[in-house]
Amino acid sequence: MAVTGTVAVEASAAVVSRAGRWDTTWLLWIAVIAVLLVLVVSPFVYLVLTSFQAERTGDFTLSNYATAYGRARYIDALFNSLKLGVGVAALAGLFAIPLAWAVARTDMPGRGFTRMLVLATFITPPYTGAVAWILLAAPNAGWLNRFYMFVTGAEAGPFNIYSFTGLVVVIALYSFPYIFIFTTAALELVSSEMEDAANILGAGTWRTMRRVTLPLALPAIMGGLIICFLEAIALFASPAMIAIPARFNVVTTQLYQFFGNPVRVEVAAAYAMPLLGVTVLLILVQRLITARKGFATLTGKGGERRPIRLGPWRWVVFGYAMLVASLSVFLPYIFLVQSSLARAWGRGFSLDNITLRNFDFVLFEHTTAAQSVINSFIYASASATAAVLITLGIAYIVTRRLVPFAEVLGFLCVAPFVIPGVVLAIGFYAAYAPPPLSLYGTALILILAFTTRFLPIGYVNASAALRSLNPEMEEAVRVLGGSRLMALRRVVAPLLKRSLLGAWLLIFIPATRELSSAIFLYGPNTKVASVMIFDMSEEGNFEYLSALALILQVLILPLLWFGQRALGRDFMLRRTAT
Amino acid sequence: MKILARLAFVAALALAPLSARADLKALEEAAKKEGEITWYISHYTAEGAEDLGRAFTKTYGIKVNVVRTTAQVAYQRLLQDMKNNQTICDVFSSTDLGHYARLKAGGKLEKYIPESATKIDAAFRNFDPDGYYHPTAAGQVVLTYNSAKVKPEDTPKKWTDLLDIKWKDKVSTGHPAFSGYVGTWVLTMRRLYGWKYFESLEKNKPQTGRSINDTVTALVAGERLVAAGADGSTLFSASRGNPLAVNYPTDGSILMISPSSIVRGAKHPNAARLFMEFLYSIEASEISVKHFGIPLRPEVAGAPGTQPISKIKVIRPTVEEVEKGIPEVIEQWRDTFGN
């Protein structure tokens with residue numbers, strides 16, 4: 001009797017205290033929701049509103065649209081972007097699909113090595129790739145052209161990076177990992193039984209691949225191609241470095257012009273609409289395609305998966321993989337290193353051309369370069385931390401259905417995925433740069449923008465992880481009188497440590513090199529490394545540029561190593577990464 | 001009485017420099033309290049700008065945040081800063097004179113006449129009679145070439161030589177929508193030869209970078225052979241052993257006198273003033289000469305191999321021409337060259 005009494009008393013005390021904590025927990029939920037409104041909804045609303053506002057008065061007007069589409073040059077830029085996207089997706093598919101098939105389904109030698117090289121490609125920022133390819137394929141001085149002239153004795157080489165084709169190649173080389181990730185993920189699920197069936201019916205290896213394996217993975221491949229297309233049309237760095245000398249514009253460089261003098265945010269907002277529209281549309285298409293999950297290859301049966309024996313052909317396939325890797329990793333890095341150690345990159349490999357001056361200059365003499373690298377790392381870690389915490393909270397609300405319409409919150413978290421970086425930046429600029437918030441030139445506006453940009457990565461990871469967690473454990477906390485917050489802090493977070501760390505790194509690494517949203521939001525004291533590199537490229541100092549780009553790459557390596565140790569070697573190349 | 005007056009006069013003469021020096025001393029003290037300045041600079045290459053900033057820090061212990069970009073980018077940033085009430089730039093050094101005319105008219109500049117304004121070469125004095133902006137760097141746009149790949153006799157001697165078909169795919173220029181040097185050059189060419197000059201140049205498919213200093217890289221790499229470049233950055237690179245040389249065009253090199261001014265509402269007004277004084281110092285002129293700029297102080301001799309502007313034909317557009325003309329030629333350029 002006495003025992004029950006105590007329990008009853010304790011239980012009622014727990015009820016009281018839980019009710020008390022409920023309030024604070026609710027406050028936290030409201031805060032998380034408010035944060036989401038600030039990060040996602042408001043910039044988007046401002047973007048749309050601004051595009052209809054007159055510059056000074058703020059009156060409703062359509063004149064921004066008239067200005068934005070009022071010149072043949074501006075319209076050309078739109079079509080250039082579309083062509084660029086299609087070209088990049090097609091070429092990247094050509095690079096990625098054979099590689100993905102070889103790595104996922106065959107006995108090609110060096111599969112792990114190939115994966116590693118794809119990872120190396122994946123972590124090379126687009127502007128670093130662009131700088132390297134300027135060194136390789138500048139029409140007269142580029143190394144590939146010089147080599148060609150040396151071998152053939154010709155007057156001129158065939159490659160010209162400063163051209164539309166050049167731009168397509170450079171972007172495709174550094175965005176094909178997206179298709180690779182999607183395709184390998186799908187191919188690894190195809191069981192060998194289907195291929196066996198084709199073989200038994202008389203089809204050879206190639207025919208089986210063409211008619212059975214690849215079609216099964218087709219939805220995933222299409223998904224990858226679409227992501228690649230979107231990546232290409234939203235990219236700012238490579239076009240800025242290559243399209244300006246090549247003398248054409250794409251949407252992003254045109255947007256940069258509207259942000260030039262005088263700053264016409266309103267026109268930029270109006271001009272950003274097609275980019276936004278195309279992205280939203282294609283993401284919907286992509287979701288529709290991938291939602292079909294192929295042709296139900298994911299059955300409950302544990303289908304056996306054996307690598308396909310390629311015989312002597314495996315060396316041919318390996319050769320192709322190495323060719324792609326040469327173009328995206330080996331050659332670019334060789335010449336980046338050469339240039340970073342050269343007095344003048346064009347003078348080539350000779351002892352009297354070697355110097356450490358470039359590193360000395362960017363690290364010690366330049367007043368802002370080293371600081372910009374530090375800024376990048378600080379902002380990236382702040383954004384990664386914020387994004388992980390916010391998405392964990394929201395994923396928790398959504399999976400545990402703590403508030404009505406929780407799905408809306410989940411949707412808002414992944415929505416930034418359809419907003420290209422430059423467009424997002426324009427929205428942020430319109431919403432937060434002017435008073436009352438006056439965040440212009442502050443670190444905060446960059447951190448907020450980066451956080452928003454990478455919310456989808458955080459959310460996808462957090463909700464996948466939470467779904468694997470049985471609610472019983474939290475219920476135990478609640479039964480014992482702990483608040484939800486306590487359950488989250490003491491049970492959920494520790495259990496998900498690993499996934500959260502993974503998400504943190506997946507956000508942190510791209511955030512350290514983010515340029516397209518930073519370019520409109522940085523101030524003189526908040527310059528990040530990517531903007532620094534872009535500024536340096538104005539003067540064409542490829543020696544300094546290479547040095548700074550390499551420093552940035554080297555600083556990422558320990559994190560990558562750590563991530564691989566803690567989370568598995570392919571942690572960046574999994575489907576959840578994109 | 002007369003003697004007394006004379007004595008007073010002599011005393012005043014003796015004291016005048018002292019009082020100026022005392023003012024500078026007070027300025028220095030106030031500046032040191034502010035501790036730093038932010039300098040938007042397009043007069044020099046990144047290295048030249050960093051050299052000057054470092055020298056100032058060494059002398060006064062005041063940090064200089066050097067923000068080196070092309071003129072139009074610097075101006076755009078400044079306007080954007082101002083529009084958002086975040087004026088971070090203290091000293092603004094552009095190569096587009098029009099910027100100063102517009103900023104002054106808009107009341108965005110701080111009036112300040114450096115104590116040492118009278119010590120610079122007479123040619124540079126009294127640039128803005130109202131004292132809002134003051135020339136702090138000078139250079140020229142000239143014909144430049146890769147001396148390892150082009151024989152001196154084959155090099156372009158006047159601006160119209162760049163239109164020769166033999167330079168097809170061999171010409172390098174900057175972009176007027178970025179570089180103030182290039183903008184002024186384009187404006188001057190339009191005045192001399194009309195816009196058809198650029199319609200012809202376009203047929204030679206020049207490679208257009210952004211900064212005029214990009215032409216140096218293009219020439220050194222052997223990517224391009226001839227260029228409309230800046231004498232300073234080209235000769236500086238040549239002095240490091242790169243195969244570069246300049247021709248002063250017979251139809252006139254473009255003299256670029258580039259001012260600096262203190263931005264109204266600057267967060268470090270005293271440090272900014274001290275920095276303006278510093279830009280007129282002998283030391284600053286020496287650093288400028290190291291980077292093959294034209295020294296402002298008569299005590300400092302020009303860099304070896306450079307021609308004094310009194311010996312060559314130079315053209316210099318007026319502030320009014322630049323103010324009106326550069327925005328026009330940027331649009332014309334984009335129509336002709338595609339972006």
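1. Helix H18 against helix H21 in chain A. The model under review is predicted. In H18(A), the residues Phe450(A), Phe454(A), Ile457(A), Gly458(A), Asn461(A), Ala462(A) and Ala465(A) meet a row from H21(A) made up of Ser499(A), Gly502(A), Ala503(A), Leu506(A), Ile507(A), Pro510(A) and Ala511(A). By class, this contact comprises 10 nonpolar residues and four polar ones, with no charged residue. The two helices, H18 (residues 443–467) and H21 (residues 497–512) of chain A, have axes 9 Å apart and pack at an angle of about 155°. Because angles over 145 degrees count as roughly antiparallel, H18(A) is roughly antiparallel to H21(A). The crossing of H18(A) past H21(A) is right-handed.

2. Overall form of chain A. The secondary structure of chain A consists of 23 helices and zero strands. Its radius of gyration is 26 Å, close to the 25 Å that the globule rule gives for 578 residues, so chain A is as compact as a globular protein of that length. Along the principal axes, the C-alpha atoms of chain A fill a box of roughly 105 × 75 × 50 Å.

3. Domains of chain A. The domain assignment divides chain A into domain 1 (26–51 + 367–534 + 548–578) and domain 2 (59–330). The centres of these two domains of chain A, taken over C-alpha atoms, are separated by 25 Å. Their contact draws 32 residues from domain 1 of chain A and 36 residues from domain 2 of chain A. On the side of domain 1 of chain A that touches domain 2 of chain A, at least two residues each come from helix H1 (2–51), helix H17 (421–432), helix H22 (529–538) and helix H23 (542–567) of chain A. H17(A) provides the largest share of that side, six residues. The composition of this side of domain 1 of chain A is 22 nonpolar, seven polar and three charged residues.

4. Helix H8 against helix H9 in chain A. What is the angle at which the axes of H8 and H9 of chain A cross? The axes of helix H8 (residues 192–200) and helix H9 (residues 205–234) of chain A cross at roughly 160° and come within 10 Å. That angle makes H8(A) roughly antiparallel to H9(A), and the crossing is right-handed. Met194(A), Glu195(A), Ala198(A) and Asn199(A) of H8(A) meet Thr208(A), Arg211(A), Val212(A), Thr213(A) and Leu216(A) of H9(A).

5. Helix H3 against helix H13 in chain A. Helix H3 (residues 72–105) and helix H13 (residues 313–340) of chain A have axes 10 Å apart and pack at an angle of about 135°. At that angle H3(A) is oblique to H13(A). The crossing of H3(A) and H13(A) is left-handed. Phe95(A), Pro98(A), Leu99(A) and Ala102(A) from H3(A) meet Val317(A), Tyr320(A), Ala321(A) and Val324(A) from H13(A). This contact has eight nonpolar residues, no polar ones and no charged ones.

6. Contact between the chains. In the predicted model, 37 residues of chain A are in contact with 45 residues of chain B. Helix H10 (237–246) and H22 of chain A are the elements that give two or more residues to the side of chain A that touches chain B. H22(A) contributes the largest share of that side, three residues. By class, the side of chain A that touches chain B has 16 nonpolar, 14 polar and seven charged residues. H22(A) is also among the helices that supply at least two residues to the side of domain 1 of chain A that touches domain 2 of chain A.

7. Domains of chain B. The assignment for chain B gives domain 1 (2–136 + 259–290) and domain 2 (139–255 + 312–337). Their C-alpha centres lie 29 Å apart. In chain B, 13 residues of domain 1 are in contact with 14 residues of domain 2. Helix H3 (71–83) and helix H4 (97–105) of chain B each supply at least two residues of the side of domain 1 that touches domain 2. H4(B) gives the most to that side, with four residues. The side of domain 1 of chain B that touches domain 2 of chain B has four nonpolar, seven polar and two charged residues.

Methods: Residues numbered from 1 in each chain as written. Chains lettered and ligands numbered in written order. Predicted model: local features only at pLDDT ≥ 70, side-chain atom pairs only at ≥ 80, totals over all residues. Domains from an automatic or database assignment. Contact = placed C-beta atoms within 7 Å. Nonpolar A, V, L, I, M, F, W, Y, C, P; charged D, E, K, R; others polar. Axes fitted to C-alpha atoms, helices over the stretch in contact; angles between N-to-C directions. Parallel < 35°, antiparallel > 145°, perpendicular 65-115°, else oblique. Left-handed = near helix turned anticlockwise from the far one by under 90°. Rg over C-alpha atoms; globule rule 2.2 N^0.38 Å.
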